[in-house]
Amino acid sequence: MRPMPRFRSGPLAVLACSTALLSACDSQGPNVACTAVRSIAIQLTVTDSVTGVAIADSAFGQVVAGLYTDSLHHVFSSPALLIGGDSLGTYDVTLSRSGYATWTRAGIAVTQVGVCGNVRPVALDALLQPLP
């Protein structure tokens, strides 16, 4: 039976580990988990106002902030969520779905940034009214 190789920690190994740890920190502390954080400005939970059933699957719309326009995007892991926008600003949101009245909200202020520099979304509940 062969003995397991032993790890030798020399000055270069210590320097490499120290450099990696220090580079993962900034003035706010460690930010190791910040590499894949996406900025989302608006997050809509879309439901039928009568039944409470999630109905984002065939809904569509847009978010507008000044000259910036973005479509609302489906979150495939949730039948109730739509997201749009990726920067700070004041948004107007329009949402449509066949068989329902158009839902709008104006002047939604997105003002917060997370510790990783990503935009923190404003969460809205879109209760769609069925058409008669």
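In which strand is Arg105 found, and with which residues is Arg105 in contact, leaving aside its neighbours within four places in sequence?

A: Arg105 is found in strand S9, which covers residues 103-110. The model is a predicted one, in which local features need pLDDT of at least 70 and side-chain atom pairs count only at pLDDT 80 or more, while totals for chains, interfaces and linings use all residues. Residues are numbered from 1 along each chain as its sequence is written, and side-chain values use heavy atoms, with hydrogens and water left out.

The overall setting comes first. The chain contains one helix and 10 strands; these are DSSP runs numbered from the N terminus, with helices (H or I) of at least four residues and strands (E) of at least two. Read from the N terminus, the order of elements is α-β-β-β-β-β-β-β-β-β-β. Of the 132 residues in the chain, 31% are buried, where buried means under 20% relative accessible area, exposed means over 50% and partly exposed lies in between (1.4 Å probe, protein chains only). Among the contacts in the chain with a separation of 6 or more, 56% are between residues 24 or more positions apart; a contact means heavy atoms within 4.5 Å.

Two strands are said to pair if DSSP finds at least two bridges between them. In general, strands of a sheet pair through backbone hydrogen bonds, either parallel or antiparallel.

S8 and S9 run antiparallel and are joined by six bridges. Arg105 in S9 stands opposite Val93, and Ala109 in S9 stands opposite Thr90. The two strands form a hairpin with six residues between them, and Gly99 in the turn has a positive phi of about 90°.

Arg105 itself counts as partly exposed, because its relative accessible area is 39%. Leaving aside neighbours within four places in sequence, Arg105 is in contact with Tyr91, Asp92 and Val93. Arg105 and Tyr91 are 14 residues apart along the chain, and their C-alpha atoms are separated by 8.4 Å.

Tyr91 leads on to another feature. A search of the whole structure finds one aromatic pair, a term for rings of Phe, Tyr and Trp (its six-membered ring) whose centres lie within 6.5 Å, with planes under 30 degrees apart counted as stacked, over 60 as edge-to-face and the rest as tilted. The pair is formed by Tyr68 and Tyr91 in an edge-to-face arrangement, at 6.4 Å centre to centre and with 85° between the planes. The pair links distant parts of the chain, with Tyr68 in strand S5 (residues 68-71) and Tyr91 in strand S8 (residues 89-96), 23 residues apart. Tyr91 is buried because its relative accessible area is 0%, whereas Tyr68 counts as partly exposed at 28% relative accessibility.

Leaving aside neighbours within four places in sequence, the contacts of Ile42 include Tyr91, Val93 and Ile108.

S3 and S10 belong to another open sheet, whose four strands have the order S6-S7-S3-S10 with mixed pairing. The edge strands there are strand S6 (73-74) and S10, each pairing on one side only. S3 and S10 pair in the parallel sense over seven bridges.
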